[in-house]
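Look at the sequence and the fold together.

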Amino acid sequence: RWEKGDKRPVGEEIRVLDAENTDDSAMKEILLENGFPFAFPEEALEVAARIPDTISQDEIKKRKDVRDILTFTIDPVDAKDFDDAISIRKIKEGLYEIGVHIADVSYYVEPDNDLDKAAYLKATSVYLPDRVNPMLPEHISNVLCSLRPNEDKLTFSAIFQINAKAEVKTCWLGRTIMHSDRRFTYEEAQDIIETKAGDHAEEILLLNELAQKMRKKRINKGAINFSSQEVRFKLDENCDPVGIMIK
């Protein structure tokens, strides 16, 4: 604080950056300079701590249950949380049901409570080379709302029937409970597409074929395809950068 007429400002020390760890200090400075707080207010953490880890049977009954359908996530190798998943099953020859599932954060964050207000101030999660500064406390973003394999999760879903020509025949939108069977990295999925072998290869190859057909339709209708390369920093065990890779 520096009031008009005062000869000196008045401040309070709230955090000390470790001068010996220059990488850590640099990352924290980036966050501070752009107005992103490191920590969550105690009130927000107290709200988060009261959220149960288990899903009640009453909540399950309110939702479409898609836990018995093959479902998986595909994310970068260094992803800390998995917020979307895809499911697929064959209805009959030439007709398939595909589901796109997004973590239902709204179930855990009630409007205008201290947790919601803290997330509003952060606005977004910030991804840095060696860490994520999350919009929500880690237990919510990385556990409760992360579509981790072999765990039941609450989601919002778009579930549609699509034929072999990539024509959508029916569509349903709503709340669901799902269960991911496998976590794939981009590299693993790409390897399956190229070698035509691996876990759930038949389903991944089918999804890729349908995606290519849908993409071709979009381009023919005038969609713009923005192509760019993204880099990823390779870090050692101490989180020091040792190389740069194209994602």
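**A sheet and its helices**

A158 has L173, in β8, as its bridge partner. Strands here (E, at least two residues) and helices (H or I, at least four residues) are DSSP runs, numbered from the N terminus. The model is predicted: local features need pLDDT of at least 70, side-chain atom pairs count only at pLDDT 80 or more, and totals for chains, interfaces and linings use all residues. Residues are numbered from 1 along each chain as its sequence is written, and side-chain values use heavy atoms, with hydrogens and water left out.

Strand β8 (residues 168–179) is joined to β7 by eleven bridges, and the two run antiparallel. They form a hairpin with four residues between them, and A166 in the turn has a positive phi of about 65 degrees.

Nine bridges join β7 to β4, again antiparallel; here G99 has I159 of β7 as its partner. Strand β4 (residues 95–103) also runs antiparallel to β3 (residues 84–92), through eight bridges. One of the residue pairs is K92 with L95 of β4.

Two strands pair if DSSP finds at least two bridges between them. The whole open sheet has seven strands in the order β1-β8-β7-β4-β3-β2-β9, with mixed pairing. Its edge strands, β1 (64–65) and β9 (182–185), each pair on one side only.

Helix α6 (residues 186–195) packs on this sheet and touches β2 (71–75) and β9, where contact means heavy atoms within 4.5 Å. The direction of α6 makes about 85 degrees with that of β9. Axes are lines fitted to C-alpha atoms, for helices over the stretch in contact, and angles run from 0 to 180 degrees between N-to-C directions. Helix α7 (residues 201–220) also packs on the sheet, touching β2, β3, β4, β7 (152–163) and β9, at about 95 degrees to the direction of β3.
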